[in-house]
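Me: Got a model here that I'd like to talk through. Can you walk me through the strands?

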Amino acid sequence: MFKFVLICTLVAVAVARSPPSKFASTDDAHAEVIHFTSDVNENGFQYAFDTTNAIHAAASGSVYGEHNGDFSWISPEGKQIAIQYVADENGYQPRGDVLPTPPPIPAAILRALEYIRTHPPKEESQTKSVIYYGTKNSRRF
C-alpha cells in the first residue's frame, strides 16, 4: 500500500514539474503544486493535490483493497473535466460527464429480448430413433 502511495506521489510531482508539451499553455508550463496532503496509516491511505493551473486529484483507499478518488482539469477548450472513480473487487468504475455512454437499446431489440425471456425454448425429446439399414431386422432405439 505504501509503495502505491509513493508511486502516486512521484507521478503527481513529475506531472507538476514536467516540461511543457506542444499543447500546454504558458500557465501550464509554469504550474506549481499549491496544495498537497498525503497520509498512510495501518487502515489505508489518502492523498490530495491541487495545482495553479486547476488540476486536482484526490484518492483514498483501505487495507481491504477499496480505492475511491477523483481528478479534474481544464480542457484546452476551457471546459472543466471531472472524473470520479471507485476501484474495488468489481474493477475500475469511473463516472463523469465526459465519458462515453452506450447508445440506447432499440425498442425492437428490447421486445425481442422480452419475448425470448417469456418464451423459453421447449426441451427436445431425449428419445432418438436409429434405423439400421441393410440388416435383416431394422430396429428403433
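Predicted model: local features only at pLDDT ≥ 70, side-chain atom pairs only at ≥ 80, totals over all residues.

Me: Which residue in β5 is opposite D70?
Reply: That's Q84.

Me: And on to β3: how many bridges join β3 to β4?
Reply: Six, again with the strands antiparallel. In that pairing A57 stands opposite F71 of β4.

Me: What sits between β3 and β4 in their hairpin?
Reply: Four residues, and in the turn G65 has a positive phi of about 90°.

Me: What about β2 and β3, parallel or antiparallel?
Reply: Antiparallel, over seven bridges, with β2 at residues 44-51. Q46 has S60 in β3 as its bridge partner. The hairpin these strands make has four residues between them, and A54 there takes a positive phi near 70°.

Me: Is β3 mostly covered or uncovered?
Reply: Mostly covered: of the seven residues in β3 (56-62), five are buried.

Me: Zooming out, what order do the strands take in the sheet?
Reply: The order is β1-β2-β3-β4-β5-β6, an open sheet of six strands with antiparallel pairing. β1 (33-41) and β6 (91-95) are the edge strands, each pairing on one side only.

Me: What does the twist average from one strand to the next?
Reply: It averages 10°.

Definitions and conventions: Residues numbered from 1 in each chain as written. Heavy atoms only, no water. Buried < 20%, exposed > 50% of the residue type's maximum accessible area, 1.4 Å probe, protein only. Helix = DSSP H or I, 4+ residues; strand = E, 2+ residues; numbered from the N terminus. Pairing = 2+ DSSP bridges. Axes fitted to C-alpha atoms, helices over the stretch in contact; angles between N-to-C directions.
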